[in-house]
Amino acid sequence: FSSLGNALFKPAGMKDEVRYPGLVLLHTCGGIKPRHARYWIEAGVQEGYVVLVVDGMRGNQSNCFPPTPVSVGRRIKDAFDALDHLAGLPFVDPDRILVAGHSQGGFTASQVSSREVTEAFVAKGKPRFAAAVSFYGTCRWPKARLPRVDFDVPIVRQDIDRPHLMLMGALDNETPAEWCDAVLPGLKAAGVPIDSHVYPDASHCLDCIELDGFSKTDFKGDRVSYRYSAQLTEDSRRRMFEFFKRLPLLQ
């Protein structure tokens, strides 16, 4: 699947006079997994979205260990390039383009929700993402936990000004939900349009059917294991599209 590069999928029965919402999908640091991607593509087109899957690996087998071959800035630009491409299609509404990312793609989805990040990458007057969902992402990399890694930048920034949903797992020790405990309450209290849900029994990659039972040593040196859950995958799908449907532009 990854060898196909970026791929565009349209809902069935599209009408010429209608402009449809768009959905950009951003993959994990391990790249596109066919069954995982197919699930979210089908979910998007069934809900009436034009779905663009971004393959940002550039031929690399992994982007999980620093120094990553595909940089943070490059991943952010890929997301905005995908937005720009969808916005230019005659059958897509440029004001209703959303982004959903998984793990490393979730980090990017959080970052492109920032006003300052957007201003750095998107020309004035060009479309922005209307909203974002991050699956098993995180809020920032604690330097005390990662003393040898230069991740001294927040993932979830104080200037997020687009509706943003974070779906995380309490059993995730790769990008722990607890790393958001000191960040999200203050942002929510300050009126930042961010929502979150933590699944008590979910690991990292809760929707990665190909990786059920997979274990590895991650970039922090921790041993992590993935457990796929069909039930939680369906629930995260429901939560994402209900979140989108609450947006005024999509009502």
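Is C180 buried or exposed, and at what relative accessibility? At 2% relative accessibility, C180 counts as buried (buried means under 20% relative accessible area, exposed over 50% and partly exposed in between, with a 1.4 Å probe and protein chains only). The legends below describe a predicted model, in which local features need pLDDT of at least 70, side-chain atom pairs count only at pLDDT 80 or more, and totals for chains, interfaces and linings use all residues. Residues are numbered from 1 along each chain as its sequence is written, and side-chain values use heavy atoms, with hydrogens and water left out.

**View A. The disulfide of C139 and C180.** The structure holds three disulfides (a disulfide is a pair of cysteine sulfur atoms within 2.5 Å). In the one that joins C139 to C180, the S to S distance is 2.1 Å. The torsion about this S-S bond is about 105°, so the link is right-handed. Distant parts of the chain, 41 residues apart, are linked by the pair: C139 lies in the loop between β5 (131-135) and β6 (164-169), and C180 in the loop between β6 and α5 (184-189). Helices (H or I, at least four residues) and strands (E, at least two) are DSSP runs, numbered from the N terminus. C139, at 1% relative accessibility, counts as buried.

**View B. The disulfide of C29 and C64.** The sulfur atoms of this pair are 2.0 Å apart, and the link is right-handed, with 90° about the S-S bond. C29 belongs to the loop between β2 (20-26) and α1 (34-46) and C64 to the loop between β3 (50-54) and α2 (72-87), so the bond ties together parts that are 35 residues apart in sequence. Both C29 and C64 are buried.

**View C. The disulfide of C205 and C208.** Here the sulfur atoms are 1.9 Å apart. The torsion about the S-S bond is about -65°, so this disulfide is left-handed. C205 and C208 are both buried. With bonded cysteines counted along the chain, the disulfides follow the pattern 1-2, 3-4, 5-6.

**View D. Backbone features at P67, R58 and S103.** Most residues other than glycine have a negative phi, and most peptide bonds are trans. P66 and P67 are joined by a cis peptide bond, with omega about -5°. R58, not a glycine, has a positive phi of about 55° and is partly exposed, with a relative accessible area of 47%. S103 has a positive phi near 55° and sits in the loop between β4 (92-102) and α3 (104-111). At 5% relative accessibility, S103 counts as buried.
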